Amino acid sequence: MPELRQMGFFTDTTLCIGCKACEVACKQWNQLPDDGFSFTGMSYDNTGHLGASTWRHVAFVERETPLPGQGSPRDGAQAGAGAFAELRPLGQPPPTSLLGGNIAPSHIESPVPLGPTARALSKFSWLMMSDVCKHCERAGCLEACPTGAIMRTEFGSVYVQPDVCNGCGYCVSACPFGVIDRREDDGRAWKCTLCYDRLKGGMVPACAQACPTASIQFGEIDDLRARAAERVTQLRSRGVEDAYLYGESAASQPGTEGLHAFFLLADKPETYNLPPDPVVPTTKIVKSWGAMAAGVLSLAALALAAAAAPSRTRWTL
Amino acid sequence: MDPLNQAEARHDGRNIDPDIGLLAAEGSTQKARDATVHPARATYEEIAAAAREEEGTSYYGLPVLCEPVWNWMIPAYFFTGGLAGACAVLGGAVQAMGGRGTDLVRRCRLVAAGGSIVSAGLLIADLGRPSRFVNMLRVFRPSSPMNMGTWVLSGFGACSAASILPEVLAVRRGGRAGRLLATRRRSPRWIALAADRAGYGAAAFGLPLVGYTGVLLANTAVPVWQQTRHTLPVLFAFSGAVSAGALFDVWPPRRGSGIAHRFGLLARGAEVAASAALDREASTVPRVARPLRHGVSGAMLNTARAMLVGSLLSEILPLPRRAKRIASGTLALVGTALLRFGIVQAGRASARDPHATFEMQRAGRGAGEVVRRGDEPGAGMPALHGVGATGEESVQHGATP
Amino acid sequence: MAECHPVGFRWVMEAKNRGATIIHVDPRFTRTSAVADLHVPLRAGSDIAFLGGLVRYVIENDRWFHDYVVNYTNAATIIDESFRDTEDLEGLFSGFDTEKGKYSWETWSYEGVSGIVPAAGHKHVYGEKGSGMSEPGGGDMTQRHTDPTLQHPRCVFQLLKRHFSRYTPEMVSELCGIPQDLFLQVAETLCRNSGRDRTGAFCYAVGWTQHTVGVQYIRTAAILQLLLGNMGRPGGGIMALRGHTSIQGSTDIPTLFDLLPGYLPMPHASLPDEGALKEYIERNGSPTGWWSEMHKYIVSLCKAYFGAAATRENDYLFDLMPRISAGLSHMATVAKMADGGVKGYFVMGENPTVGSMHGALHRAGMRKLDWLVVRDFTLIETAEFWRVAPEITRGEVKTEDIQTEVFFFPAATHTEKDGSFTNTQRLLQWHHKAVEPPEDCRSDLQFTYDLGRRLQKLYEGSREERDRAIQALNWDYPVHGPLREPDAEAVLKEISGYTVADGRPVSGFGELKDDGTTASGCWIYSGCYANGVNQPARRKPTTEQHWVAPEWGWSWPSNRRILYNRASADPDGRPWSERKRYVWWDEEKKRWTGYDVPDFIVDRPPSYRPPENAQGIATIAGNDPFIMQADGKGWLFAPSGLLDGPFPTHYEPQESVVENALYSQQCNPARIEWRRRDNPYHLAFGDPRFPYVVTTYRLTEHHTAGGMSRWLSWLAELQPAMFCEVSPELAAEKGLENGKWATISTARGEIEARVLVTRRMKPLRVRGRMVHTIGLPYHFSYLGRVTGDPANELISFVADPNVAIQESKALTANIRAGRHSFGRRSVTDGIELRLPQPQRDVPRDLPRIRTREPAEPRRR
């Protein structure tokens with residue numbers, strides 16, 4: 001039994017440039033089929049939503065509000081390579097930290113303040129966000145799965161065993177994020193595996209490896225949480241008041257007890273098509289069973305009453 | 001598209017020539033015959049085109065949840081399962097009240113047994129991989145209503161089958177299948193005894209079978225189903241009972257039809273009450289209740305309700321008793337079936353509507369309900385400056401569809 | 001940049017993270033704008049006005065880097081008194097020949113210096129000054145006059161100041177359609193970020209180059225960077241972002257018609273038969289500056305080409321080199337093709353009917369060929385022009401009438417062959433073969449090598465003079481593997497150079513000689529195989545070396561990561577500042593040293609000044625960082641090397657929506673036009689039929705003409721259809737609906753596209769009127785997994801005079817809702833398209849230089 005490692009993604013949408021490398025890398029590594037070729041007219045997003053054969057999806061949000069902090073003075077030194085330190089393969093040192101941590105101080109720029117007009121000028125902003133299965137600490141799909149096809153791996157990820165899944169489709173409705181889906185012409189439910197096969201081989205998930213700007217960062221969740229918290233403070237100090245973490249801990253998202261793939265967002269979750277307060281259905285289900293029990297028992301009572309009531313029918317045996 | 005070009009294009013959606021590239025990755029076994037993955041669902045193109053701005057922040061009006069993938073078989077199963085279960089219960093009750101061996105009981109048992117077989121058939125047929133049905137019984141997982149349901153259905157099937165043993169044997173002993181019901185011949189005492197025990201067993205399994213389908217739906221992220229999780233199982237239970245009663249109105253046993261009729265009438269009353277309760281429970285968030293009243297699902301449910309009431313009213317019509325029962329029974333049967341289809345349809349609509357999810361959760365009915373976290377609804381939810389926790393905005397935010 | 005170079009953009013994001021300010025200047029709001037600090041949505045084709053405005057701002061507000069400008073640029077140099085600026089001639093410089101429609105350069109030269117040979121510039125084709133078509137060599141730079149106080153009215157600095165005096169913030173705002181305070185903000189940010197302690201860098205791509213004044217766009221940026229002291233310093237410079245993995249390499253070892261490897265000029269037809277080499281060297285060499293070394297490079301090149309056969313006696317067979325007499329650029333060739341003047345055509349890794357302007361004219365040309373060879377991964381449109389094209393669908397051209405014989409060769413991808421990429425920073429990086437190419441796919445190297453072998457075999461016995469070159473060619477490389485693939489490293493070694501006697505790889509171009517003892521395929525690449533080591537294959541991670549990372553790959557020349565880096569130190573050889581320390585003079589060791597390989601004569605002290613009548617590299621003073629230039633200075637004023645003026649000047653595109661606000665000369669007077677029936681132009685400005693600006697571009701999801709992406713589902717599904725981006729305002733004006741169809745038309749043709757209504761396209765207020773821009777990606781065409789009409793069908797043949805590049809980034813067009821395209825093309829259906837004729841004609845050129853219709857191609 002390998003030691004248990006809680007691995008996950010930290011997706012920093014403020015670093016995303018919408019290149020979709022993650023989407024392609026994912027499909028290529030996992031050899032997933034295309035989703036068809038339809039022009040949606042939704043900005044540059046033509047794949048729409050996560051699905052059975054789209055395990056990474058980049059959302060493009062065109063807003064007529066400025067992105068606060070753009071063009072505002074920056075604290076170069078405190079950013080450094082840290083916030084950018086790259087995808088970390090299980091435990092090993094970063095393969096190619098951009099310029100590494102070994103930068104002589106003289107090479108870290110100090111901020112150049114822009115004029116006051118900076119904010120006023122950008123009345124528009126374009127948010128991009130690479131969405132993926134959240135690998136919830138408490139996973140709706142896993143708890144709903146009647147066959148045990150969906151399991152928790154040694155990396156803390158939620159994994160669907162394709163050879164067990166019988167395509168009942170219950171997980172599809174149980175996922176509060178609408179991630180997992182059944183491919184009709186295949187008959188089974190599919191979703192991101194956190195590149196279970198790559199992790200086994202000590203590699204970084206394909207999407208994280210392909211991300212050119214380290215918007216997708218992979219590593220042990222605790223490290224990621226620390227890095228994420230640092231990044232938020234940094235962004236706020238740069239005037240991006242809206243920056244916050246989505247589902248990084250049980251505290252911030254009790255409904256799922258925290259996500260293994262959490263996000264740094266700059267607008268309401270709804271903007272990115274994320275639920276504001278997701279909850280795993282099973283957390284509410286006990287009462288439902290109770291209600292059912294009450295219902296059926298009273299049903300039994302009805303039956304007995306009906307049968308017991310005086311009747312012209314005489315039982316002849 | 002250019003014909004030559006078309007011919008050249010591979011149809012597995014991957015462009016991997018198996019002679020050159022090795023198909024071995026996680027998704028390589030995924031079959032892709034056609035590009036349209038969900039013929040039932042609306043394309044993103046259509047949704048985005050239909051999305052209206054005034055409805056508030058959303059991602060081009062795209063659904064946040066995946067629509068249920070189930071086809072007509074699931075609501076059909078809800079009906080047959082409910083009917084079978086309720087019959088078993090009725091049969092058990094009559095049996096307990098000394099109606100052992102009567103026509104009514106026998107019919108109940110037969111319907112239960114038949115129903116369980118049909119139900120299983122529907123369930124399996126709806127699977128993406130029917131051949132893997134047995135995987136359902138790999139595990140025993142209380143957290144999964146579907147898993148529980150499978151166990152219940154199995155148990156129910158076994159018992160109800162056993163409960164009709166005497167009749168089956170009678171047929172084997174030369175009785176004509178047609179006279180299955182009418183057979184007078186006695187089977188050995190011990191078999192009859194076993195069958196009676198099985199009858200009780202079937203009733204016992206029948207109880208959860210009528211109700212669990214409600215839990216099954218409630219235990220999803222679909223707003224309207226999740227929201228009505230306290231009333232849905234009850235509604236389904238009574239609706240099952242109604243169908244059972246109604247069945248014997250149109251197909252009356254020589255004896256005990258009165259019992260069945262009374263049972264049906266009582267259940268009708270209960271169902272009316274339950275559906276009212278369900279409506280109230282859903283209405284706490286208007287957007288969530290929408291599909292119960294509007295659209296295709298709304299129409300179905302209203303019709304179902306109307307039929308139910310109609311079947312009650314038909315009782316007081318100045319008609320011969322037989323005609324009345326047939327009328328009311330038919331109405332009730334169709335109505336209860338329609339209810340199941342309506343509820344499932346409502347779930348589809350609800351899942352398709354992102355605002356149902358958003359508004360429900362912003363109203364504190366997401367995790368807010370189950371987790372203690374401040375008093376005001378939606379506390380701890382990501383709130384931006386200019387946006388209240390419950391979502392109302394002082395500053396314009398978010399995407400414009 | 002994020003849009004087309006996402007991987008390179010990671011460094012921009014890192015810079016941003018370290019405190020850099022990112023400014024994005026682009027007509028549309030792109031993925032780059034999304035993460036930039038400032039986005040400047042200016043009108044396509046108005047960049048010189050914008051940059052000129054910045055130049056003026058820097059000068060007027062005295063923000064230029066004084067010590068740098070005085071010592072390292074030709075600001076102090078006095079220009080010949082016969083020179084006249086655009087200020088004096090309504091937008092023309094002195095020396096314009098109204099008949100030929102081209103400039104002569106006499107008046108542009110330094111006072112007291114006859115001819116000046118520029119380090120770059122396609123000077124030989126057009127026989128400009130310095131190409132030595134008339135007098136040998138360049139003038140003696142030591143004779144030039146300077147005024148270090150920069151006060152002399154004819155010194156470059158004063159001329160520059162006067163030239164850009166019109167480019168006021170008001171003018172910029174009116175011309176580019178941007179708010180003044182936005183312009184001022186950019187200017188201020190730029191200035192604050194320059195000087196001893198700070199540097200700023202420019203990145204550009206074809207958005208700057210694909211104009212009839214393309215080269216001058218870059219010139220303006222160069223002038224600005226010189227004034228701000230941002231050249232040759234860390235964090236400075238101008239990066240040309242390349243559209244393909246090795247475009248840089250394909251100009252270094254050129255696929256260009258007028259250059260030999262290492263930017264040696266192509267021999268001209270006017271060279272004598274006797275003593276051609278001597279003449280060539282005299283004409284093209286420069287008596288001063290590093291270019292005085294060029295004779296060594298041409299001789300070494302001959303040795304590489306012809307091997308043992310090349311001897312001192314036979315002038316190293318130089319006379320076998322091909323010679324040119326005229327501009328044989330892409331468009332010139334295709335136009336000739338369309339007139340039946342070309343027999344055969346090789347298309348390797350290109351898809352011109354989609355990727356190049358006026359695809360219909362390309363197809364017309366190909367129909368007139370005897371044979372066409374296409375090498376690509378799949379059957380691209382260029383290979384199937386005879387089967388799938390609008391004119392075929394319309395029945396105007398019948399396949400059976402096309403006599404062209406098409407040969408298609410499947411090509412190997414970069415993962416199926418060894419080789420090197422040269423990227424925008426001149427960095428060579430080696431890639432190793434991962435798998436054997438499948439079936440009949442072969443590498444370009446093998447194809448070319450094999451073709452050469454077959455040709456040599458074919459002409460073995462020939463007595464023809466013209467076949468000698470093929471016979472003499474040194475064409476023998478070791479082959480290996482089941483497919484008998486030529487050894488790419490052997491080629492690299494030959495490019496790098498070796499001593500003929502023992503075949504020992506040379507350490508760099510310093511070792512190359514003019515006595516035939518050395519051979520080198522490309523002098524600037526010399527040393528990339530030093531010590532028999534494949535230098536480009538080095539992959540030492542940054543974490544294991546200092547931040548310049550000299551041991552990752554290899555960059556020409558001599559593994560220098562920053563060109564002219566002597567400029568990173570002050571005139572006395574000390575770093576301008578601690579923060580910007582890069583290369584400096586070490587007093588103890590009496591040598592130049594630093595993080596990078598010094599781009600200077602390593603032991604020449606800063607104090608060195610050339611003695612009287614010095615020759616060759618001895619003339620390079622200790623404070624002449626730009627050693628390739630004859631005077632060792634950065635050129636604010638270009639006395640030669642450019643065909644359309646020593647200073648950049650704002651001219652409107654060939655087809656514009658507005659009149660030139662700055663001069664009465666509307667367009668670049670030296671531009672190359674093709675006045676042909678099948679290549680109709682719109683009015684110079686305000687054409688009522690074509691009221692909107694069109695600009696074309698690439699998307700991240702596809703690659704150029706789509707040969708590598710449109711056939712691949714994983715990429716195709718991300719951008720599945722040809723679309724046009726329009727602003728909500730334009731959509732409202734023309735009734736365009738998002739997701740529905742629209743038809744875009746020019747005089748050349750019409751295409752259909754899906755509509756994408758977006759706020760990212762911004763209507764601009766230019767000269768008092770609203771200007772709408774239509775954005776068109778150019779990836780799509782008639783074949784592949786996803787198809788759509790090619791945007792380039794709309795674009796005309798018109799070129800910049802210096803490099804003959806097309807103008808595809810700014811033109812005019814019309815758009816209307818719905819699918820109304822009949823696939824009409826001016827080439828096959830001209831009349832229909834050109835009607836109704838505009839009533840009035842608008843002059844592109846000043847009346848007095850308009851001339852009668854000349855023979856084409858025609859420059860004016």
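At what angle do helix α11 (residues 276–284) of chain C and helix α12 (residues 294–306) of chain C pack, and how far apart are their axes? The legends below start there. This is a predicted model, where local features need pLDDT of at least 70, side-chain atom pairs count only at pLDDT 80 or more, and totals for chains, interfaces and linings use all residues. Residues are numbered from 1 along each chain as its sequence is written, chains are lettered from A in the order in which they are written, and side-chain values use heavy atoms, leaving out hydrogens and water.

**View 1. Helices α11 and α12 of chain C pack together.** The angle is about 140°, and the axes lie 10 Å apart (axes are lines fitted to C-alpha atoms, for helices over the stretch in contact, with angles from 0 to 180 degrees between N-to-C directions). That makes α11(C) oblique to α12(C); angles under 35 degrees count as roughly parallel, over 145 as roughly antiparallel, 65 to 115 as roughly perpendicular and the rest as oblique. L277(C), Y280(C), I281(C) and N284(C) of α11(C) make the contact with M294(C), H295(C), I298(C) and V299(C) of α12(C) (contact means heavy atoms within 4.5 Å). Helices here are DSSP runs of H or I, at least four residues, and strands are runs of E, at least two, numbered from the N terminus.

**View 2. Chains A and B meet through α9(A) and α10(B).** Helix α9 (residues 285–308) of chain A packs on helix α10 (residues 257–283) of chain B at about 145°, with axes 8 Å apart. From α9(A), L299(A), L302(A), A303(A), A306(A) and A307(A) meet I259(B), R262(B), F263(B), L266(B) and A267(B) in α10(B).

**View 3. An open, mixed sheet in chain A has the order β8-β1-β10-β9.** At the edges sit β8 (216–220) and β9 (244–246) of chain A, each pairing on one side only (strands pair if DSSP finds at least two bridges between them). Inside, β1 (residues 7–12) and β10 (residues 261–265) of chain A run parallel over four bridges, and T11(A) has F263(A) as its bridge partner. Helix α8 (residues 221–237) of chain A packs on the sheet, touching β1, β8, β9 and β10 of chain A.

**View 4. Helices α3 and α9 of chain B are mostly covered.** In α3(B) (residues 73–99), 24 of the 27 residues are buried, so the helix is largely enclosed by the rest of the structure (buried means under 20% relative accessible area, with a 1.4 Å probe and protein chains only). Just after α3(B), G101(B) takes a positive phi of about 80°. In α9(B), 18 of the 19 residues are buried.

Conventions: Buried means under 20% relative accessible area, exposed over 50%, partly exposed in between (1.4 Å probe, protein chains only).
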